[in-house]
Amino acid sequence: MLLSVLINTILEFLAVILVFYFILGTDFLITPARILLSLIMFTTQIIMQAVSIKVFNTSLINTFSILAITIIIFNGTFLYKTCWLSVLSLAGIIAAYPVSNIFYIYSGSLIDSTSATGFLRLTDRIILLIFIICAIALHKSRLQRQKAIKQIERKSCFLMLFSCIITKVLLGMSELLFYRNINQFSQYIIAYLIFLLIVVLMVTVFAFLKTQYQHNLLKEKEELQRKYIRMEQLYYSQLEQKNNDLRAFRHDFNSHILVLQDLAYKGQTEELKKYLEEISTIHKQSFYISTGNLIADVIINHFFNKLENGVLFKTSGYFKEDCFASSFDICTILSNLLNNACEALERKDTPCPKEIYLDIDSSGGRISILIKNTSGNIIKNKSGSIQTAKPDKDNHGIGLENIQTTAEKYHGFIKTSYKNNMFCTYVVLNKPL
């Protein structure tokens, strides 16, 4: 019995950790002190289990130890962890509920008998193994779920927690009624009507969460669309101004050349430098970047015009006319890439010269976008993902996640690297078949 309980305990801890990381997409928050504390708590739980079985011939509940270790090693609020641990625990109970009742009905044995207890412990072990296998199998879409779960509001977490409590109360009532001295037909009716009620309750809760997620997603798209429209309006007004400046510059071009020649002949170097700087400023104001895609042009020129003097910005490549990626997705990728690059140039530890290079390739049924920018030292968390340098980590640092989600939509990918003070991001989108 002791060995069986220890195996179940280890599987339960492992299942919770893998489900939190792979299925829920929760990042680890690991330090040497946290690891040591978690190991101490896990070892203590194992010892307490052994003592309880030897002395009282019964095993202890692992819920509190699992919650404590989950709080220690995972990122997120206490409410978030408590909520999802309750959901996970309830999922295991609901999965085992029909099995235990059917076993009781057809075996005619008491539920606390040795054979029944061994069978139910084996059932729990199988369910835990199923959780572990599902978590590992779903690891590739981890970041997509992480983004969706992050959008769940605090009040929804309270709703989920309350629903779990109500469900467990209903399960307890069902068990009390089920094992009373009543006929077999009544047992069926009592057990499975309550079970059906529980399933309806859980489906309703998750349907509400899905609706809320879709609502938040639509709000995000609507906000991005409004932002794009504002940028497009600004773009056309700036484009008109650039054209006027360019016509004025061309009209006075010969006069500028004569002035430069005169300053050069007279050896007035300082005046020549100042005049050249003024001409460079005029040239930048009238400079326009074209990639063959209106949305891309709006985004790129918007960020180009925001750059301070002295920043080198170079682009190459273009989009095909029959671009398969939607305007919304191109906007998401380019705006996040360029926003991250511009924010990196604003950091105090970013060395000079400050540079941004953008390369676009749209050929062979794929779109690849490479952006390189000068950057200070980057920060990575324990999972290897890049961590934002801003203090408000909950509201920043999600740009690369949004890009990755968009890339996966087109069966593509995103790669990042950092070398010689240059941060590189490579995004690939594949044309749908």
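The structure is a predicted model in which local features need pLDDT of at least 70 and side-chain atom pairs count only at pLDDT 80 or more, whereas totals for chains, interfaces and linings use all residues. Residues are numbered from 1 along each chain as its sequence is written, and side-chain values use heavy atoms, with hydrogens and water left out.

Side chains of opposite charge can pair when their charged atoms come close. With a salt bridge taken as a side-chain nitrogen of Lys or Arg within 4 Å of a carboxyl oxygen of Asp or Glu, the count comes to 5 salt bridges. One of these joins the side chains of D27 and R142, at 2.4 Å from N to O. This pair links distant parts of the chain, 115 residues apart, with D27 in the loop between α1 (2–23) and α2 and R142 in helix α6 (residues 142–150); helices are DSSP runs (H or I, at least four residues), numbered from the N terminus. Both D27 and R142 are buried, where buried means under 20% relative accessible area, exposed over 50% and partly exposed in between (1.4 Å probe, protein chains only).

A salt bridge is also formed by K409 and D329, whose closest N and O atoms are 3.0 Å apart. Since K409 belongs to helix α13 (residues 399–409) and D329 to helix α12 (residues 327–346), the pair ties together parts that are 80 residues apart in sequence. K409 is exposed, with a relative accessible area of 52%, whereas D329 is buried, with a value of 2%. In the salt bridge between R347 and D349, the closest N and O atoms are 2.7 Å apart; R347 is partly exposed at 23% relative accessibility, and D349 is partly exposed at 41%.

On the surface, I47, V51, V55 and F56 form a nonpolar patch with about 420 Å² of accessible area together. Patches are made of residues with over 30% relative accessible area and no salt bridge, like charges being joined within 9 Å and nonpolar side chains (Val, Leu, Ile, Met, Phe, Trp, Tyr) within 5 Å, and accessible areas come from the Shrake-Rupley method with a 1.4 Å probe, where for residues only the protein chains shown count as cover.

Key. Helix = DSSP H or I, 4+ residues; strand = E, 2+ residues; numbered from the N terminus.
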